[in-house]
Amino acid sequence: MVEKVNRWYVLVISLLIAYLIYLLSPVLTPFAVGALLAYLFDPMADKLESWKLGRSLAVTIVFFVITLITGGILLLLIPALEKQISNLITNLPAYFEWLSTHLSPWLREKLGIETDLFNIQEVTALLKDHWNNAGGIASTVLASIGKSGAVIFNWMMNLLLIPVVTFYLLRDWDVLTVRCGELIPRPYYNTVHKLVRDSNSVLGAFLRGQLSVMLALGIIYTIGLWIIGLDLSLLIGMGAGLVSFVPYLGTIVGLVAGLIAALVQFGEINYIIYVLIVFGIGQVLEGMILTPWLVGDRIGLHPVAVIFAVLAGAQLFGFVGVLLGLPMAAVIMVLLRYAHLKYMDSKLYGKEQEIALTSDESSKDKESDEAS
């Protein structure tokens with residue numbers, strides 16, 4: 001009876017925590033990002049501690065290195081991305097014209113779909129028709145400046161909070177984990193400790209490995225598209241790498257964008273083949289080298305489960321859900337594996353009856369052999 005009460009108590013506490021996260025999701029983004037970063041870089045701080053450095057000094061060194069690398073990458077990428085985004089905006093009419101000339105007739109002939117969505121003339125005419133309402137639009141925009149300013153202010157505050165939260169969580173990470181371990185009821189400590197250890201293995205494999213795969217794919221796609229001379233190589237390549245945490249989504253998005261950009265820029269079939277080769281090489285390297293080497297087989301999340309985790313997290317908790325969707329799915333997978341093993345050994349599954357029947361059949365076979 002006490003055990004059942006304890007289970008209900010744990011269930012109620014878990015539901016209350018989930019509901020509290022749901023209510024606080026608008027303000028949890030910097031804390032979620034800070035916790036993820038602290039978890040990622042805690043092994044580096046532990047390594048420095050093993051070299052007889054104090055925890056605060058080790059965390060300061062790690063934080064300085066992270067800041068230096070991040071700042072260097074941003075200084076290199078932001079000017080190039082700004083140039084390519086400017087080129088994209090400048091060439092938008094050409095992209096619309098190509099889509100209107102080629103894609104719209106294909107949709108009309110093959111699928112019977114009539115659309116002027118890609119007709120730049122229609123879009124321009126629509127804007128001209130509503131130009132007289134500019135005064136109303138302007139007043140609406142001016143009225144919303146306060147709200148927009150508040151949104152921008154919130155984003156700036158979140159960006160400033162992330163490094164602060166990361167530093168303090170990273171400094172006290174080991175203390176926090178020990179304190180959490182002390183709260184676990186002693187009869188369940190071994191089971192919880194095993195589940196936490198398995199979850200840590202899965203999360204470490206996913207977060208560190210998958211982020212490395214995303215970065216590597218972004219670099220491979222960017223270099224390949226740059227070699228063939230595509231103007232939007234960095235924008236398309238890094239974009240495809242960043243969304244590659246969803247299986248095949250990065251390849252599909254990058255391939256479609258790369259093909260359209262190549263057709264508009266070059267207008268030759270050869271460059272379509274070049275783009276296909278670039279993304280084909282990326283897929284081969286990901287499947288044969290990057291994922292086995294950087295991630296391994298410790299995650300085991302099905303592609304459908306990955307897509308569902310991202311969408312469900314976004315639906316329930318917004319941007320925080322996108323950040324926590326896949327890590328939570330990995331932990332839930334560990335819990336489901338444990339529940340599956342317990343079920344297979346339970347009376348409900350009939351494991352004990354199966355063993356008894358097997359032993360009875362063995363004894364009967366033995367008796368028949370002795371009789372013969």
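Biologist: Where does lysine 52 sit?
Modeller: Lysine 52 is in the loop between α2 and α3. Helices here are DSSP runs of H or I with at least four residues, strands are E runs of at least two, and both are numbered from the N terminus.

Biologist: What's the backbone doing there, and is lysine 52 buried or exposed?
Modeller: Lysine 52 has a positive phi of about 70°, although it is not a glycine. Lysine 52 is exposed, with a relative accessible area of 78%. Buried means under 20% relative accessible area, exposed means over 50%, and partly exposed is in between, using a 1.4 Å probe and protein chains only.

Biologist: What should I know about the model itself?
Modeller: This is a predicted model, so local features need pLDDT of at least 70 and side-chain atom pairs count only at pLDDT 80 or more, while totals for chains, interfaces and linings use all residues. Residues are numbered from 1 along each chain as its sequence is written, and side-chain values use heavy atoms, with hydrogens and water left out.

Biologist: OK, the big picture: how many helices and strands?
Modeller: The protein chain has 15 helices and zero strands. Of its 372 residues, 26% count as buried. Among the contacts with a separation of 6 or more, 70% come from residues 24 or more positions apart. Contact means heavy atoms within 4.5 Å.

Biologist: Back to α2. What does aspartate 42 touch?
Modeller: Leaving aside neighbours within four places in sequence, aspartate 42 is in contact with Arg55, Leu170, Trp173 and Asp174. Aspartate 42 lies in helix α2 and is buried, at 8% relative accessible area. The C-alpha atoms of aspartate 42 and tryptophan 173 are separated by 7.3 Å, though the two are 131 residues apart along the chain.

Biologist: And α3, what about glutamine 84 there?
Modeller: Glutamine 84 is found in α3, residues 55-90, and is buried too, with a relative accessible area of 10%.

Biologist: What's the geometry of tyrosine 221 and phenylalanine 279?
Modeller: Their ring centres are 4.5 Å apart and the planes are at 35°, so that pair is tilted. Tyrosine 221 lies in α9 (residues 189-227) and phenylalanine 279 in α12 (residues 269-295), so the pair ties together parts that are 58 residues apart in sequence. Tyrosine 221 is buried at 1%, and phenylalanine 279 is buried at 2%.

Biologist: What about tyrosine 271 and tyrosine 274?
Modeller: The centres of those two rings are 5.4 Å apart with planes at 85°, so the pair is edge-to-face. Both tyrosine 271 and tyrosine 274 lie in α12, three residues apart, about one turn of the helix. Tyrosine 274 is partly exposed, at 37%.

Biologist: How far does α9 reach?
Modeller: From its first C-alpha to its last, α9 reaches 56 Å over 39 residues, close to the 57 Å expected. The expected span is 1.5 Å times one less than the number of residues. After α9 comes glycine 229, whose phi is positive, near 95°.

Biologist: Which helix gives the largest share of the lining of the second largest pocket?
Modeller: That's α9, with 11 residues. The lining has 38 residues, and Leu37, Leu40, Leu211, Met214 and Leu242 lie nearest the pocket's centre. On a 1 Å grid over the protein atoms alone, a pocket is an open set of points where a 1.4 Å probe fits, with protein on both sides within 12 Å along at least five of seven lines, and lining residues have an atom within 4 Å of a point.

Biologist: How much space lies in that second largest pocket?
Modeller: About 1,800 Å³, where the volume is the space filled by probe spheres set on the grid points.

Biologist: What's the lining like by class?
Modeller: It has 31 nonpolar, six polar and one charged residues. Ala, Val, Leu, Ile, Met, Phe, Trp, Tyr, Cys and Pro count as nonpolar, Asp, Glu, Lys and Arg as charged, and the others, Gly among them, as polar.

Key. Phe/Tyr/Trp six-rings, centres within 6.5 Å; stacked < 30°, edge-to-face > 60°.
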